[in-house]
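Please keep the structure in view while reading.

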Amino acid sequence: MSIAQNTETAARLRCIACGAPPDSAGQDFRCTACGDLLEFVFSGWISDSPAFDPAALKSLWLNRRTSRNPLDQSGVWRFRELLPHIPNPEEHVITLREGNTSLYRLPRCARATGVENLHAKHQGMNPTASFKDTGMTVAASSAHQQEFRWVACASTGNTSASMAAYAARGNMRSLVLIPDGKISWGKLSQSLDYGALTCQLRTDFDGCVRILNELVRQKPVYLLNSVNPYRIEGQKTAAIELIEQLAWEPPDHIIVPGGNLGNSSAIGKALLEMRELKLISRLPKLSIIQAKGANPFYRSVREFGGKKLEPMTADTLATAIRIGNPASWKKALRVLQATGGEVEEVSEVEIAAAKAEIGADGIGCEPASAVTLAGLKKLRRSGFVKSGEAVVLILTGHLLKDPDFTIKFHRGDLFAGTGDAAEAVQAKSLQHAPVVLDADLGAVIAAVDAAERNS
Ligand code: F0G
């Protein structure tokens, strides 16, 4: 597999463990010398080159917002100076105008957490309704430029939806491996519509990854999981766009969900690079939140000081982060330590309650995204986040990705008959079950009056 060299910024790949610069990356994007993950490094940035003058870059990126060029209209490629170069972008870049997502204030959640300056960056507002699109546009373009016919991923749902869409736009075939029965219909249906060959394997996400890693060694299939370093580069732009939206004044904290840990690695990489380029003068603390039933990274940090990660069999209703053996844990650990962030775990009920609280601010997200608010509450209680500090939650997926979860929660069915039923009583006040009535005006008025009395 050839490695793109960015002629302008000389992007090159390097192993995160042994530092080896591979002549060619394995099909599984692992270092051929030691087997660890690869990352892009950019030489020629830090210099006094006028092309990397912070003020000039900021104004260039801002001006592109009024451009009609598809690359400029993408919230990812608008920041292409900080991305690996794709030769002949007009021919090879596959873009759905991803990125460009909103930053919302969360006034009710702010009151509930005592953090007045609280925002959510909603990556679920991307074209396929999750943050995956920002990385997929870069990695799928690289596959296209290298003339791959097939691309593939293992997924808990969002990666597959995103990959299938970008493959379809780029006239490539896509192969999706997903755990049978453990992903939401919302996500599965996307892959079907976008024409992917969708295989539901009788295993979990980690089992799908194992099969895929074998497959790419035997077949000329381009791997689009987040071990693909092009994905990480594209996902960096969420952090760049976020800081731009805050007029280049970084918040004190950024909080992200942790699954396979590609996204936290990407956001952390962007923060470190922005500081290196003097686009920002201080680093926000990047904190990573996992579900209790899928917490291998939390345990790695808390129990083993990050020295090792023990894979586990993961289980959580937040199926997007139902991952027991996260590929990018070493990258995530590095950015956690470099930014001084914290790692937390939250319960199933805490996740469901936090999702409804974000919803009460008029913002819908999927369960995996809601771990951020649930985590913030714990970080407030531990004193790690102070009331006067500015906090941004990264919401990773759209509410409609998993409507089943939402409906069961509001009907009071989500935890019925489970070990969480007693704890779930606390979340009752957040439930808004649908009311079935006769088609009768009086009944509707009575329902409105009753709701008013209870509000
Ligand atoms: N939130 C959502 C909505 C996700 O879909 C994922 C991961 C994460 C958070 C965690 O991000 O893996 O970078 O730490 N979903 C993957 C998938 C793994 O296949 O769609 P991460």
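## Terms and overall form

Helices and strands are here DSSP runs, a helix having at least four residues and a strand at least two, and they are numbered from the N terminus. The model is a predicted one. By this assignment, the protein chain has 17 helices and twelve strands.

The protein chain has 455 residues, and a compact globule with that number would have a radius of gyration near 23 Å; the value for this chain is 22 Å, which agrees. Along the principal axes, its C-alpha atoms fill a box of roughly 70 × 50 × 50 Å. Of the 455 residues, 57% count as buried.

A120 has L393 in β12 as its bridge partner. A120 can also be compared in position with L414, which lies 294 residues away along the chain; their C-alpha atoms are separated by 25 Å. L414 belongs to the loop between α15 (403-411) and α16. Because its relative accessibility is 11%, L414 counts as buried.

## The four-stranded sheet

A further open sheet is formed by four strands in the order β7-β6-β5-β8, with parallel pairing. From one strand to the next, the twist averages 25°.

## The strands β1 and β2

Strand β1 (residues 11-15) pairs with β2 in the antiparallel sense over five bridges. In this pair, L13 stands opposite F40 of β2.

Is strand β2 (residues 38-42) largely enclosed or open? Five of its five residues are buried, so β2 is largely enclosed by the rest of the structure. L38, F40 and F42 point one way from the strand, whereas E39 and V41 point the other way; all are buried.

## Salt bridges

The structure holds 26 salt bridges. One of them joins D28 to R217, with the closest N and O atoms 3.1 Å apart. This pair links distant parts of the chain, for D28 is in the loop between β1 and β2, R217 is in helix α8 (residues 205-218), and the two are 189 residues apart. D28 is buried, with a relative accessible area of 11%, while R217 counts as partly exposed at 49% relative accessibility.

Another salt bridge connects D72 with R64, the closest N and O atoms being 3.5 Å apart. Both D72 and R64 are buried. They also belong to a network of salt bridges that links R64, D72, R80 and E81.

A salt bridge is also found between R282 and D252, where the closest N and O atoms are 3.6 Å apart. This pair, too, links distant parts of the chain: R282 is in the loop between α10 (262-276) and β10 (285-291), D252 is in the loop between α9 (229-245) and β9 (253-257), and they are 30 residues apart. R282 counts as partly exposed at 33% relative accessibility, and D252 counts as partly exposed at 24%.

## A nonpolar surface patch

Which residues form a nonpolar patch on the surface? V435, L437, V444 and V448 do so, and together they have about 350 Å² of accessible area.

V435 is located in the loop between α16 (421-424) and α17 (441-454). A residue is called exposed when its relative accessible area is over 50%. V435 therefore counts as exposed, at 61% relative accessibility.

Conventions: Residues are numbered from 1 along each chain as its sequence is written. This is a predicted model: local features need pLDDT of at least 70, side-chain atom pairs count only at pLDDT 80 or more; totals for chains, interfaces and linings use all residues. Side-chain values use heavy atoms; hydrogens and water are left out. Patches are made of residues with over 30% relative accessible area and no salt bridge: like charges are joined within 9 Å, nonpolar side chains (Val, Leu, Ile, Met, Phe, Trp, Tyr) within 5 Å. Accessible areas come from the Shrake-Rupley method with a 1.4 Å probe; for residues, only the protein chains shown count as cover. A salt bridge is a side-chain nitrogen of Lys or Arg within 4 Å of a carboxyl oxygen of Asp or Glu. Buried means under 20% relative accessible area, exposed over 50%, partly exposed in between (1.4 Å probe, protein chains only). Two strands pair if DSSP finds at least two bridges between them. Axes are lines fitted to C-alpha atoms, for helices over the stretch in contact, and angles run from 0 to 180 degrees between N-to-C directions. The radius of gyration is taken over C-alpha atoms; the globule rule is 2.2 Å times the number of residues to the power 0.38.
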